[in-house]
Amino acid sequence: MSASTAAPNRTRATAKAPAPTAGARRRTTFVGLAAWAVGIVFCLPALWMVLTSFHSEADAATNPPSLAASLTFDGYRTFFGGDGGPTPWPPLVNSLTASLFSTLLVLLLALPAAYALSIRRVRKWTDVMFFFLSTKMLPVVAGLLPIYLFARNTGLLDNIWLLVLLYTSMNLPIAVWMMQSFLADVPVSIIEAAQVDGAKLPTVLGRVVAPVAAPGIAATALICFIFSWNELLFARVLTGVVAGTAPVHLTTFVTSQGLFLAQLCAASVVVSLPVLIAGYAAQDKLVQGLSLGAVK
Amino acid sequence: MTTTTAVRPTPPRPGPPSKRPTGSRAKAWATRAPLLPALVFLIVVTQLPFVATLVISFFDWNSLKPDQRHFTGFANYGSVFTDPALRESVLTTVLLTATVVIASVVLGLAFALLLDRTFFGRGFVRTLLITPFLIVPVSAALLWKHALYNPEYGLFNGVLTWFGNLFGIESIAQPEWTSEMPLMAVAAALVWQWTPFMMLILLAGLQSRPAEMMEAARLDGAGPWQMFRFLTLPHLRRYLELGVLLGSVYIVQNFDAVFTITAGGLGTANLPYTVYETFYRAHEYGLASAVGVVVVIGTVIIATFALRVVSSLFREEASRA
């Protein structure tokens with residue numbers, strides 16, 4: 001990540017000053033210090049969360065905060081059911097199921113669509129692109145009630161597969177936009193060569209397009225995974241004891257057992273971990289995904 | 001980002017479908033076919049429910065009294081704009097969105113300018129600054145509510161006490177953040193979460209500045225402020241617009257923070273929370289749908305501007321290809 005951001009700056013810096021003056025060097029040191037300070041202060045709540053998760057409940061609830069408190073895994077042990085309490089595995093598995101399967105479904109639907117929008121362009125392709133985008137602008141609450149009624153009447157309430165479908169619709173527009181910009185970079189000649197050899201569309205997509213566009217497809221998948229993993233409103237309204245996801249588990253966690261700060265922080269760290277890993281891996285593409293492919 | 005912006009190969013595009021009479025129709029369908037599954041799926045899962053919401057919004061329908069359901073025309077919309085609580089949630093939504101977007105754009109710009117410079121450990125600082133955006137939104141909201149705002153053992157009051165002790169003050173003021181300034185409390189947590197997003201967009205903008213132009217201006221004797229004011233800012237304009245508009249679209253829809261930090265209490269209920277509350281707790285299906293439609297209208301107004309901005313960026317992209 002730092003390599004890609006450093007590149008343009010380095011060229012600028014070398015062009016501007018072959019031999020930095022003492023003043024310039026002092027200025028650079030100052031900027032560096034300021035940036036470090038800003039970074040640490042801004043990230044402090046998150047760092048605090050991690051630190052608190054390793055404190056005992058007694059140390060977590062002191063005022064002023066105890067920086068010298070000894071570290072313990074108790075928060076994590078309790079969160080994982082170490083004291084005979086409920087384990088977080090069902091919600092974590094539900095979140096994983098909903099996120100993985102919806103991501104898979106998104107890729108299956110978005111790849112052919114992006115192909116039609118970038119390589120074999122359908123007529124009025126920009127209009128179609130904007131239709132996809134416009135569904136993303138439709139607030140979730142606009143369809144929540146009918147979806148709830150539908151789920152209740154068909155017995156799909158508290159069913160993880162309904163969430164899979166909804167998360168797919170939530171992420172599909174972003175995926176189509178991102179992938180169309182990635183597929184635009186695939187050379188048409190190799191696709192034509194495959195077609196001359198008699199390859200049908202699924203073969204072309206699977207064997208030719210997907211391998212070439214693999215990094216872009218991976219980034220798209222990570223972003224869809226993050227959004228599904230983070231989602232609360234649908235999960236809160238449409239699931240309950242059986243299909244509740246990790247974010248829903250977090251919200252109930254506080255009320256049902258009173259507040260245990262260290263345990264809550266441990267839970268937050270655990271639930272955020274997959275997103276943090278996926279996010280750091282895809283941070284450049286994350287902007288692109290969130291800005292619907294507009295910033296490259 | 002830079003690798004993709006670098007040199008984009010310009011593959012020969014197949015022109016518009018040719019008007020050859022033989023098999024052109026079949027060919028057009030062959031082109032269209034890969035698009036259809038995604039299109040049909042989206043229409044069924046997103047557009048149909050909205051149409052249903054629109055229909056329900058014209059009914060007086062409380063799920064606890066299902067037999068009294070009847071058509072009421074625009075009565076629900078009347079309630080949305082006359083009921084003081086609902087009117088307040090419209091105002092809250094506007095206020096919250098505006099505050100969060102403006103604050104996070106300003107902070108994000110400052111951070112982006114800082115990260116645009118070279119210094120030791122820039123990659124690490126960048127990682128620190130992005131982290132708030134990568135924490136699951138509910139976790140972030142719970143973190144702010146319990147670990148930071150809590151009046152007894154939250155970090156903020158803890159730091160106040162610590163400072164107090166430092167200067168020998170025995171009992172320093174211990175504010176009840178979420179009850180004394182509920183909207184600011186929600187807004188601060190959201191600004192913390194959204195600043196990295198703005199920073200990332202603006203950083204992409206900063207790094208796409210043509211280096212030669214900046215160099216030329218510097219050689220012509222432009223100071224840092226002049227370069228920022230007359231080169232960087234105009235260049236960033238579209239990125240700023242994009243950040244503001246996308247931020248608005250996402251933040252207007254915020255549910256997690258409001259639900260978690262204040263549970264919509266003390267004048268922090270925004271429209272999405274109100275919809276949730278109205279149908280999930282109060283069982284007023286017709287009214288909830290009307291609020292939902294109002295949210296959509298508001299978002300459409302913002303989105304129209306957003307689409308125009310995105311479309312201008314997109315046209316550039318299309319002409320480049």
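## Salt bridges overall

Over all chains, the structure holds 5 salt bridges. The model is a predicted one.

In chain A, the side chains of A:R77 and A:D74 form a salt bridge, with an N to O distance of 3.5 Å. Both residues belong to helix α4 of chain A, which covers residues 74-79. A:R77 and A:D74 are 3 residues apart, about one turn of the helix.

Are the two partners buried or exposed, or in between? A:R77 has a relative accessibility of 42% and therefore counts as partly exposed. A:D74, with a relative accessible area of 36%, is partly exposed as well. The class follows because partly exposed covers the range between the buried limit of 20% and the exposed limit of 50%.

## Two pairs in chain B

In chain B, B:E215 and B:R218 are joined by a salt bridge whose closest N and O atoms are 3.7 Å apart. The two residues lie in helix α11 of chain B (residues 211-219), with a spacing of 3 residues, about one turn of the helix. B:R218 is partly exposed, at 34% relative accessibility.

A further salt bridge links B:R281 with B:E277, and here the closest N and O atoms are 3.9 Å apart. That distance is within the 4 Å cut-off, so the pair counts as a salt bridge. Helix α14 of chain B (residues 271-281) holds both B:R281 and B:E277, which are 4 residues apart, about one turn of the helix. B:R281 is partly exposed at 45% relative accessibility, and B:E277 is partly exposed at 28%.

## The interface of chain A and chain B

How many residues does each chain bring to the contact? Chain A supplies 115 residues and chain B supplies 115 residues. The area buried between the two chains is about 10,400 Å², and carbon and sulfur atoms give 75% of this area. On the side of chain A that touches chain B, helix α2 (residues 22-53) of chain A contributes the largest share, 17 residues. The residues on that side of chain A divide into 79 nonpolar, 24 polar and 12 charged.

Between chain A and chain B the count of salt bridges is 0. Polar contacts do occur across the interface: 8 residue pairs are found, with both residues of each pair at pLDDT 80 or more.

Methods
Residues are numbered from 1 along each chain as its sequence is written. Chains are lettered from A and ligands numbered from 1 in the order in which they are written. This is a predicted model: local features need pLDDT of at least 70, side-chain atom pairs count only at pLDDT 80 or more; totals for chains, interfaces and linings use all residues. Side-chain values use heavy atoms; hydrogens and water are left out. Buried means under 20% relative accessible area, exposed over 50%, partly exposed in between (1.4 Å probe, protein chains only). Contact means heavy atoms within 4.5 Å. Buried area is the accessible area (1.4 Å probe) that two parts lose on being put together, summed over both. A polar contact is a pair of N or O atoms within 3.5 Å; within protein, one must be able to donate a hydrogen and the other to accept it, and residues adjacent in sequence count only if both atoms are side-chain atoms. Ala, Val, Leu, Ile, Met, Phe, Trp, Tyr, Cys and Pro count as nonpolar, Asp, Glu, Lys and Arg as charged, and the others, Gly among them, as polar.
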